[in-house]
Amino acid sequence: MPEPEIPLIAAYQPDKTLIVRQGENISQRQFLQGAVALSQRLPAGGYTVNLCRDRYYFMLGFCASLLRASASLLPPNRQGDTIRDIVSRYPDSVCIVDCDEQPGPVTIDAREGFTAADEPELPWISSDQLAAVAFTSGSTGVPLAIEKRWFTLCGTASMLARRFAPGDLPPPLIVATVPSQHMYGLEMTVMMALQGGCAIDAGHPFYAGEVAATLSGGSAPRMLVTTPVHLRHLLASDVAMPGVARLVSATAPLDADTARAAESLFGGKVEEIFGCTEAGSIATRRSVQEESWSLLDGMSIVRVEGQVRVSGPQLSAATPLQDRVELLGANRFRFLGRAADMINVGGKRASLAELTRKLQAIDGVCDAMVFLPAGDGIERPAALVVSSRPERELMRELARCLDPVLLP
C-alpha cells in the first residue's frame with residue numbers, strides 16, 4: 001500500500017532548479033510560490049482542463065489543481081470539438097490556458113500576474129487523490145477516460161527515474177518535443193521533475209533548429225524526450241545536434257536502424273518506453289541492442305485466461321494490456337502488435353503496424369502509414385506515403401518482403 005500522503009516535490013531542495021524557462025532557472029521554491037498563488041484563483045474540487053503549451057505554465061496549473069483537490073483533464077488533442085466535448089462531459093470544469101483563447105465558460109490565464117507566497121510549506125498530497133484524467137485516442141470509438149491517482153503518477157515517475165536518471169549520476173535536464181497533456185509527456189517531463197529529481201525545459205521545440213537551440217541552451221547532462229516520427233524528422237534535417245546523455249522515444253516502436261542513426265547524431269543512448277494510457281509506462285529497451293522489453297523494476301507480467309496483465313506497486317490493480325505480446329518470463333516480453341491492429345486479407349494475417357514499419361524502412365520514404373479504409377467491401381489495406389520515389393518503385397520494393405495479397 002502507498003504512503004497516506006506523498007509530497008508535491010520529492011526530496012525538496014528549495015534552491016534547486018526545477019524548470020528552465022527562456023534561459024532563466026526557476027527554483028523549486030519559486031515554482032512552489034507560483035503554484036500556491038495560482039491555486040488561490042481556482043475553485044476547490046471539480047476539474048481543470050489544462051491547455052497550457054508552455055511546460056512552466058502547465059506545471060503551475062497541474063500543481064495548483066492538486067493543491068485544490070481538482071483533477072487535471074488531459075485532452076488527447078487541442079481540436080475545438082474535442083475540448084468542447086470534454087467540457088460538456090465535465091460541466092464543473094475550469095480551463096487553464098497560456099494564450100488569449102477562451103475555450104470554456106470559465107477560463108483562467110496562467111500568465112496573469114499574481115502575488116507569490118513568501119515561503120510556502122511543502123504541500124503533501126493524499127496518495128489516493130485523483131490527480132489527472134487521461135483520454136484514449138478514440139481511434140476505436142469515443143475516447144475513454146482513464147483516471148490517474150497521485151500515487152500512481154508518483155510511483156511511475158520514481159521507476160522511470162531509477163531507469164533513466166540513477167541517483168549516482170547528475171540528474172539530466174529534460175528537453176521534450178511531446179506535449180505535457182499526453183501520458184508519456186506528463187510522466188517524462190512534469191512528473192520526472194516533481195518526483196524524479198530532474199530539471200525540465202519549459203519549451204516545446206518542434207523544428208530541428210528549435211530542438212538544437214533548446215538543447216544547446218541547456219546544461220549537461222541532457223535528455224531528449226521525443227517520438228519516432230519526430231526523430232525521423234530530426235535525422236532527415238541537415239541541422240547539427242548537440243550531444244545528449246540519453247534519448248528516449250515512445251508512442252510507436254522504433255526500428256534499430258533509426259535508433260542507430262540517432263545514437264550517431266546525438267552521441268547518447270537511445271532507449272524506448274513501452275506503455276499505454278491505462279497502465280502508463282511499464283517497460284523499456286535499448287533500441288539498437290534488443291527486441292524484447294524489460295519491465296520497470298518491481299513490475300510483473302502474467303497471462304491469465306488468455307489475457308495479459310501487468311502488476312506493480314504503482315498500480316491499484318492488475319491492468320490488462322490491449323496488445324499481443326509473447327511472455328519471456330515474469331519481467332520480459334516481446335511485442336507482437338496491437339490487438340485491434342490485426343487484419344486478415346485472403347487468409348493472410350498481418351499487423352498494420354508491421355506493414356507500416358516495412359514501408360517506412362524503404363530507402364527514400366520520409367514517412368508512411370498503412371491502414372484499412374472504412375467502407376463496406378473493403379478487403380485490401382491502403383497506404384499513405386511521403387516520398388519522392390514513384391509509386392511503382394515503392395511497390396516493387398515492398399513486394400520483396402510482403403505477400404502479394406497484403407500489398408496496399
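Author: At the start of H8, a side-chain oxygen of Asp255 comes to within 3.2 Å of the backbone nitrogen of Asp257, a polar contact being a pair of N or O atoms within 3.5 Å, where within protein one must be able to donate a hydrogen and the other to accept it, and residues adjacent in sequence count only if both atoms are side-chain atoms. Helices (H or I, at least four residues) and strands (E, at least two) are DSSP runs numbered from the N terminus. This is a predicted model, in which local features need pLDDT of at least 70, side-chain atom pairs count only at pLDDT 80 or more, and totals for chains, interfaces and linings use all residues. Residues are numbered from 1 along each chain as its sequence is written, and side-chain values use heavy atoms, with hydrogens and water left out.

Reader: Which residues of helix H8 are buried?

Author: An α-helix has 3.6 residues a turn, so residues three or four places apart point the same way. In H8 (residues 256-266), the buried ones (under 20% relative accessible area, with exposed over 50% and partly exposed in between, using a 1.4 Å probe and protein chains only) are Thr258, Ala259, Ala262, Glu263 and Phe266. They lie on the same side of H8 because their arc around the axis is only 140°, taken from the directions from the helix axis to the C-beta atoms. Asp257 and Ser264, on the other side of H8, are exposed.

Reader: What covers the buried residues of H8?

Author: The cover includes helices H6 (208-217) and H7 (228-236), together with strands S13 (222-226), S14 (246-249), S15 (269-276) and S16 (280-286).

Notes
Contact means heavy atoms within 4.5 Å.
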